[in-house]
Amino acid sequence: MKILKYNPQKCTGCLSCQLACSFQRLQLYNPERAALRVKVKGLNVPSLTYCRHCINPLCIKACKFGAMKIINGVVEIDQDKCTGCGLCAEKCPFNAIFLEVGLAYKCDQCKGEFKCAQVCSTKAITVVERKKESDE
Amino acid sequence: MYECYNKKLLRINLSTFKVKEEIIKDEMIDKFIGGMGFGVKLLTDEVDPIIDSLSIGNKIIISVGPLNGTAAPLFAQTCMVTKSPLTNGILNCYAGGYLGYKIKSSGYDCIVIEGKAPELVYITIDQKGAKIKECPNLVRKNTLQTEEFIKKEENDENLGFMSIGAGGENLVRFASVMSSTRAFGRGGAGAIFGSKHLKAISFSGGKDIYVNQPLEFDKVVKEAYSYFEKAISSEYNLLSMFSKYGTGSGMALINEKYALATKNHQLGNFEKASKIDGFAYIKKFPSRQVACFGCPVHCGQVHKFETGKFKGMVTRGPEYETTYSFGSDCLIDDLEVIAKAHQICEEYGMDTLSAGCTMAFAMECYEKGLIKKEDTEGIELNFGEGEGMLKVLEKIGRREGIGELLAEGSKRIAAKLGGGSEGFAMNVKGLEFAAWMPQRMSGIALTFATSNRGACHKRAPIGPELMGQIPMGKVKGRAEVVKNIQDTVNAIFTLVACRFSEFELPKEMFVKLLNSASGLNYNLEEFIKVGEKLWNLERLFNLGAGLTKKDDQLPARCFDPLPLKDGETRMKREDFEYMLKDYYKLRGWDENGIPTKAKLKLLEID
């Protein structure tokens, strides 16, 4: 199972990951509609909000509509069933689920393409094999 | 068609507090593309060139282009066009960071500011329009404090900004407009903000940005990326150096070639250069790379001064040009002092290039007795005097004591002091020299002399001359090189590209990106012709403002002998005049540098 790894010291704050993510999701550019978010505050080291695809995800437990499931280790939202109620987002310890009108959305690893990591010029975002012991 | 445009212009009148949204017509886009194209077209249409730049009739045109806000790499910049208080001519200046994307995603391609507010105001812009708000509590606040205040007031941490500090409010002629730590540095746009009592503009963003053919565009973006990836992974490449060590890393290369302006351009080599270059900062202080929006080059460097005389200071930069202006040009070999000067300039909102170059000029005047100790209120201002320099710099920002004079910039100071100082006031048309030496690089000589905004390095063939692709001092054929780069850079500034993009991207790539994002059908020749058209529109504005052939000249120092490692070199006046004559001819201008009717007809200028 592959997941994202983030090294804030390497992050330049360019937001290319968010551009790539919004394009992958919607075929448009809007970093504020990406499923991961770099936070840049002044000249401080940035931080990244992103989904860990937890083994026991609290978001799935919170969903009352059966709209969330794990497919090959990837936590996904079924857009047809999602009502955008926001319960999953509330429960996510990483704040990595985002809401739009009538819809929640999150990282689905671009079906294995990891576009965010592909465009990261400093490799601040990389794709790594999940260690077995980690259980987020 | 035009998907990547908002096709909206916001006109804000600070005298009447009226805000009007206007549609940007297809014809305007077809002819002027965006960015600098919109700025130059609107300013030359709407502002009488003869007015005083600081008067109510001047306007500020802020614009983005078709590629800003998309994933196209190195299109993070924003363009601002106004009449410059330093040159009296037309100014276009640029800042990177996140601003371009914030403006575009606020729903506008262009913002026109006109009139003058009775008291200090700031403007908030979002997708619904603009609001003008009085802000007496922001008087003389620095740019960072201003941004923080507005973020709190508007309850939005993620705003994009343009703001001025005391420099702009005090009408320092080289005041900058800051966007966080990025600067609209050159030409004094900050003073125009100040003259209109405009403290800041915030942009909230949030809107989706579309392109004409998303999948096709995505392919072109990837192709563009590949050029930068290749450059960054090369060993001998300027962008590769910048990406690892910042723009200051180029200093050794330039110094070796005796082309690093030193001691107010008296020398071309600074023996202490290695103490202040990009490597020196990284070696001495914890540093990390930062980038503008969507940029894989990440030429920015954040330095944390954990020790030393300015313990606790954190800066983005100084950039290469600042290590020249406050460093080699002032004979300052203390990197902490240079970083502090850079920070003072950010806080007051002043151009580090003009401020440093004016400082070097003031130091020489001090040395020659044209500025006396009683003028500086006892502050020592000899070359190399770091402490004195920082004190005087703050006085400039406050227009206090000697600062009142120095805030006028080197050209006006020389006119006042006389005593032959015009010959070593290193400016063209009033804009102080960037880091490069006309004595060493003939393309720089001609570019500085002929650039519409003054001694500007943005349209110079720096890369080819520095990296040895064309011989540095050759004069034959150099006019053609310079004309081509001026037209090309103007064309890519309609897309508001970063200047570094042109180092690696073939010209065709700019056109490909433009066409696939917009649905327009430009070919390369037409695209470059837009750049040439803008160059001529700017020239006509400058002629209308009273500038003449005499303003296409270099200060006398450029023709003095310049010591080299062995012997000396000098630029001959006849060589310079040869290039200038050749240049006018190539441009289709008469012997006085006035565009001919035939040329204007060819460029479809009425």
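Tutor: The expected span of a helix is 1.5 Å times one less than its number of residues, and we shall apply that to a predicted model.

Student: How far apart are the end C-alpha atoms of helix α7 of chain B, and what span should its 20 residues have?

Tutor: Helix α7(B) covers residues 214–233, and at 1.5 Å a residue its 20 residues should span 28 Å.

Student: How wide an arc around the axis do the buried residues of α7(B) cover?

Tutor: The buried residues of α7(B) include Phe217(B), Val220(B), Val221(B), Ala224(B), Tyr225(B) and Phe228(B). An α-helix has 3.6 residues a turn, so residues three or four places apart point the same way.

Student: Which elements of chain A do the buried residues of α7(B) pack against?

Tutor: The face turned away from the buried side carries the exposed residues Leu215(B), Lys219(B), Lys230(B) and Ser233(B). The buried residues pack against α8, α20 and α21 of chain B, together with two helices of chain A, α1 (16–26) and α4 (115–119).

Student: Which strands stand at the edges of the open sheet in chain B?

Tutor: The sheet has six strands in the order β2-β1-β6-β3-β4-β5, with mixed pairing. Each edge strand has a single partner, so one side of it is left without a neighbour in the sheet, and these strands are β2 (18–23) and β5 (90–95) of chain B.

Student: Which residue of β2(B) is the bridge partner of Arg11(B)?

Tutor: Strand β1(B), residues 8–13, runs antiparallel to β2(B), and six bridges join them. In β2(B), the partner of Arg11(B) is Lys20(B).

Conventions:
Residues are numbered from 1 along each chain as its sequence is written. Chains are lettered from A and ligands numbered from 1 in the order in which they are written. This is a predicted model: local features need pLDDT of at least 70, side-chain atom pairs count only at pLDDT 80 or more; totals for chains, interfaces and linings use all residues. Side-chain values use heavy atoms; hydrogens and water are left out. Helices (H or I, at least four residues) and strands (E, at least two) are DSSP runs, numbered from the N terminus. Buried means under 20% relative accessible area, exposed over 50%, partly exposed in between (1.4 Å probe, protein chains only). Contact means heavy atoms within 4.5 Å. Two strands pair if DSSP finds at least two bridges between them.
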